[in-house]
Amino acid sequence: MFKTMMRRAMALVAAAGLAMAAQAAEPIKIGSFLSVTGPASFLGDPELKTLEMYIEKINEDGGVLGRPLELVHYDDVGNASSARNFASRLIRSDRVDIIVGGSTTGATMAVAPLVQQAKIPFISLAGAVVITDPVKPWVFKTPQSDRMASERILGDMKARGITRIGLISGTGGFGSSGRAQTLEVARDMGIEVLADVTYSGSDTDMTAQLTNIRNTEGVQAVLNFGFGQGPAIVTRNYAQLGIDLPFYQSHGVASDSFLALAGEAAEGLRLPASPLLVPDSLPDDDPQKAIVQKYKSEYEARWNSKVSTFGGYAYDGLMLAVKAIEAAGSTDPEAVREALENIRGYVGVTGEFNMSPDDHNGLDADSFRILEVQDGGWKLIN
């Protein structure tokens with residue numbers, strides 16, 4: 001009896017020692033710069049909340065490779081110059097193991113040369129195709145590209161018999177890239193862009209641009225490519241002008257916050273998005289259904305706020321980072337980079353990721369679902 005008690009006591013001491021060792025282990029540092037405040041806060045706020053929430057959960061479950069995760073985060077306020085400065089600090093002073101961040105294309109592209117030079121894995125949460133095309137060895141991203149969004153939108157238009165459109169877009173990094181991709185895809189698909197107008201981030205009324213489109217003979221539908229408050233203004237002006245044509249937005253506004261800004265004017269518009277906004281509408285055999293339902297319920301329970309596709313980008317970025325570190329068996333930068341490049345069949349909130357040396361995004365256009373605003377909410381169309 002005494003020997004049995006001693007063995008149990010020794011086992012408990014050993015277990016406690018292992019737990020203490022795990023707690024004392026050097027943390028794996030996840031660096032991040034996000035637009036948590038400022039004009040792009042609708043992107044960065046849910047992204048940061050997602051990273052904080054799931055890093056806590058991972059640590060509660062024992063961490064990664066027996067080491068806790070530590071989030072080192074800075075708010076770039078949507079400013080590309082600030083993003084670059086913070087990324088430099090993450091690399092040189094904080095000595096993070098991997099970076100998951102970059103809410104906007106501008107911030108991401110400002111940082112890309114730094115991570116390339118420092119040779120540290122970087123998973124961006126921004127959308128433009130230029131981020132990963134051409135491939136940059138140390139740069140990856142989780143959102144579908146703007147080119148994929150254009151393909152999905154124009155494909156839906158063609159299915160409705162629409163072949164002549166009007167295009168309005170923002171002049172920022174996301175909008176200008178989306179415009180360029182839309183023009184290319186339209187040519188490839190045999191769709192004519194009869195009107196092509198833009199607006200700046202400071203514009204508060206786009207009536208003139210929309211009137212130009214309305215007065216262009218032959219236009220059958222209108223697409224707006226942008227993010228932030230601009231698309232909501234375009235949507236309200238569109239309704240005010242009484243334009244009676246199918247209206248599309250890009251994935252840059254795929255969130256309930258956009259619906260709140262646009263109000264009743266958004267009724268009937270379509271856009272491409274992840275199924276996160278309509279998880280219960282997915283068929284039971286859809287591999288994403290359980291994942292997006294779980295993320296949605298956990299996020300909304302924790303933060304008492306609506307989930308958004310942008311937080312989903314951060315979830316996938318963090319989980320891809322964790323999978324790569326586990327596959328590499330260390331935080332060695334080159335080993336992690338190579339592991340990221342070889343991730344196949346990871347089903348996330350945004351879609352199924354199949355990375356390769358030639359594809360550092362790993363998604364295709366079919367990962368987008370077409371949603372329509374009906375009765376003030378999102379409705380799965382395709």
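**Notebook: salt bridges**

I began with a network of salt bridges that links Arg147, Glu151, Glu184 and Asp188, where a salt bridge is a side-chain nitrogen of Lys or Arg within 4 Å of a carboxyl oxygen of Asp or Glu. I noted that this is a predicted model, in which local features need pLDDT of at least 70 and side-chain atom pairs count only at pLDDT 80 or more, while totals for chains, interfaces and linings use all residues. Residues are numbered from 1 along each chain as its sequence is written, and side-chain values use heavy atoms, with hydrogens and water left out.

By the salt-bridge rule I found a count of 14.

Next I looked up aspartate 45, which forms a salt bridge with lysine 49, their closest N and O atoms being 3.1 Å apart. Both residues lie in helix H2 (residues 41–60), 4 residues apart, about one turn of the helix; helices (H or I, at least four residues) and strands (E, at least two) are DSSP runs, numbered from the N terminus. Aspartate 45 is partly exposed, with a relative accessible area of 27%, given that buried means under 20%, exposed over 50%, and partly exposed in between (1.4 Å probe, protein chains only).

I then turned to arginine 369 and aspartate 286, whose side chains meet in a salt bridge at 3.0 Å, N to O. This pair links distant parts of the chain, 83 residues apart, with arginine 369 in strand S13 (residues 369–374) and aspartate 286 in the loop between strand S10 (270–273) and helix H10 (289–303). Arginine 369 is buried at 14% relative accessible area, and aspartate 286 also counts as buried, at 12%.
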